[in-house]
Every structure is written in C-alpha cells, then in structure tokens.
Amino acid sequence: MRNIVSNAVFCIALFSIALFSFSQSQAQKADKPAAPALQPELLVDQWFIRLNALDDWYITVNGKEETDPVVDRFLELYSKDAFHEVQPNENQLGHVIFHGPEGIRKWATDFAKKYVQLGYRIDFMTRAEKPTQLFYTTRPPWGGSAAAVEFSAVWTNREDRKRIFVPGSAFFMFDEAGKITRVRLYMLKDEIEEIQP
Amino acid sequence: MKEVAPTYANLKKNLDSSAFAVAAEDAAKLEGLFKETETFWTPFKTKDALDFAKSVQLAARNVSAAAKEMNGQKAQAAYNAIGKSCKGCHDSHRETMPDKSFKIKP
C-alpha cells in the first residue's frame, strides 16, 4: 500500500514538473515579441523615416551633390526584385514603375535632389479622444505581409522653395525577410496646396 | 566664401572710421565674392540662394557707390542689407557640424 502511495505521489510530482515546464515555455513564447523586422507597422514606419531622410545630404564646395548615403539607406528596405510605383510626372503619362535596385535608386536620387525639408507623416485618426496611426495590415496567401496607410506629405521644392502639402496613401508588400517587394504611392493632386508662410 | 567674413568685417570697420576709399574697395571685393556664390548656386537653380547672392551684390554695389560719394549714412544702410541676406541664406543653406565646421544644405 505504501509503495502504491509513494508511486502515485512520485507520478503526480513528475506530472506537475512536466506541466510547469510546459507552461513556462508557452509563457515565454507568448511573452517573446515577434521579430521586429517582420512587423509591417514597424517596416512601414521605417520606410517613412528613411524617405524623410532623403533630404539629409550636403553639397560639397566643389558642387557635388552627395546623395548616395541617404539613397543607399533607403534602398536597404527593398528586396532585389522590388517594384516602386508612383504617380505620373512631367516626364511620363500614366503611373510610373521603377523595378529593382537601379530603378528605385534612380527614383530615390531624383526625389532627394528635387525636394527638401521633407515631412511625410502617417495620419493620426481620433475616435473617443483616442488618437492613433492606423496601419491596415494583412497576410497575403503567398507569405510575407502587406500594409497600407494614409499619410500627409509636406515638402519644399528645392528650386522654387515653394512649400507644398498633399494627402496620399501608400500600399506596401513585404517578403518573409521584411524587405519591400512592392510599394504603390497615391498622391491626391486634386488636394494639393501651397503652404503660405 | 571664407574671404567673405574678414572682408565684411573690414568694410564695417572702414565705414565706421569713414575710410570711404578703402570701404569702397571692400564693397567691390564683396560684390565679386558673391558673384562667385551666385555662380556656385546657378546649376542647382535654387531660387532663394540665387536671390540672396544677387541681393548682396546689389547691396555691395550700393555701399561702394555711397562710399565713393562719402555718404556714410547711405553706405551704412546698404551695409545692413548685406547682413540680412547673409543671415537669410545661412538659415536656409548652412548647417553647423559638431566640430563647428559648416556644410552646404541643398
């Protein structure tokens, strides 16, 4: 009888230890945040940070425009096979697609040289006195993640020094490594306004 | 650009001491230096920088003309206009680095 009781106690103790270990490991898993690089909100946020940094460069005394470092940092966010799609401009009708590092480098370099004092900001929405930036995120069936945001863009034209405001939206697709595979930018040109000092 | 500050300081000193002939030379030198500044900014078509460079050239020309007329008051007024353009351009296109050197912003 004593053996049966001691065996039962031993089994219960063993089961308790196993259960405790299992619950601890589950708790650790739950506490451990997802890899930051794969959170679409943070990836989108980083894109805006590096976009706004595209004006953070200097001209040498010899007149060289040193845009490469900020453009390189912007390009780090994109996969090798990424698409960057923007609105029409004075050089092209219809939407413009830049593909791969060299294509996107051209866009980023032109952008860096054309605009200064960049202020692209993800819009805040407020309901019930609770302001927040809304990131519309999803998981596509092919893997990775996708996100969209509304934003307000403010910049100064480098040449004529006019300060411009325009609302817009951006749609992102990321691969499993958190690199951008596609960005589509929409700028509401009908709502463009010059900011008067 | 490094010659601008000492020339500008000399101009002030010479105007204050009514040394108009030398002041006129300083003003002419400043005009030349800001012609170079205008040339620097021309390929970038940066309107405010070009406008500031042109404004300084005009003000320097006015200082020079007033100094030649020995009109101290008029020369001082034109001199002050130079300073305003300097500040405007530096606010927009000059950034001080941690080592106190300067870099040119686009």
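Let's start in chain B. Ala78(B) sits in helix α4, residues 72-93 of that chain. Keep in mind that this is a predicted model.

Is Ala78(B) buried or exposed? It is buried, because 22 other C-beta atoms lie within 10 Å, and the cut-off for buried is 20 or more. What does Ala78(B) touch, leaving aside neighbours within four places in sequence? The contacts are Ala59(B), Asn62(B), Val63(B) and Ala66(B). Now look along the chain to Ser92(B). Ala78(B) and Ser92(B) are 14 residues apart in sequence, and their C-alpha atoms are separated by 22 Å.

Over to chain A, and the largest nonpolar core. This core has 26 residues. Among those with the most contacts inside it are Val44(A), Trp47(A), Phe74(A) and Phe172(A). Several elements of chain A each supply at least two of its residues, including α2 (40-52), α3 (68-75), β7 (145-157) and β8 (163-174). Which element gives the largest share? That is β7(A), with five residues.

Next, helix α2(A). It has 13 residues, and at 1.5 Å a residue it should span 18 Å. Its end C-alpha atoms are 18 Å apart, so the two agree. Its buried residues are Pro40(A), Leu43(A), Val44(A), Trp47(A) and Leu51(A). Seen down the helix axis, the buried residues of α2(A) fall within an arc of 100°, so they line one face. What do they pack against? The partners are α3, β3 (115-122), β6 (136-138), β7 and β8 of chain A. Take Val44(A) on its own. Beyond four places in sequence, Val44(A) touches Phe135(A), Ala147(A), Val149(A) and Phe172(A).

Now a loop. Between β4 (124-127) and β5 (130-133) of chain A we find Ala128(A). Glu129(A) lies in the loop between β4 and β5 too. Most residues other than glycine have a negative phi. Ala128(A) has a positive phi of about 50°, and Glu129(A) has a positive phi of about 60°. Ala128(A) counts as exposed, because it has 4 other C-beta atoms within 10 Å. Glu129(A) is exposed as well, with 5 such neighbours inside 10 Å.

Last stop: where the chains meet. The contact takes ten residues from chain A and ten from chain B. On the chain A side, four are nonpolar, one is polar and five are charged.

Key. Residues are numbered from 1 along each chain as its sequence is written. Chains are lettered from A and ligands numbered from 1 in the order in which they are written. This is a predicted model: local features need pLDDT of at least 70, side-chain atom pairs count only at pLDDT 80 or more; totals for chains, interfaces and linings use all residues. A nonpolar core is a set of buried Ala, Val, Leu, Ile, Met, Phe, Trp, Tyr and Cys residues joined through C-beta atoms within 7 Å. A residue is buried if 20 or more other C-beta atoms lie within 10 Å of its own, exposed if 12 or fewer, and partly exposed in between; C-beta atoms are placed from the backbone. Helices (H or I, at least four residues) and strands (E, at least two) are DSSP runs, numbered from the N terminus. Two residues are in contact if their C-beta atoms, placed from the backbone, lie within 7 Å. Ala, Val, Leu, Ile, Met, Phe, Trp, Tyr, Cys and Pro count as nonpolar, Asp, Glu, Lys and Arg as charged, and the others, Gly among them, as polar. The expected span of a helix is 1.5 Å times one less than its number of residues. The arc is that of the directions from the helix axis to the C-beta atoms.
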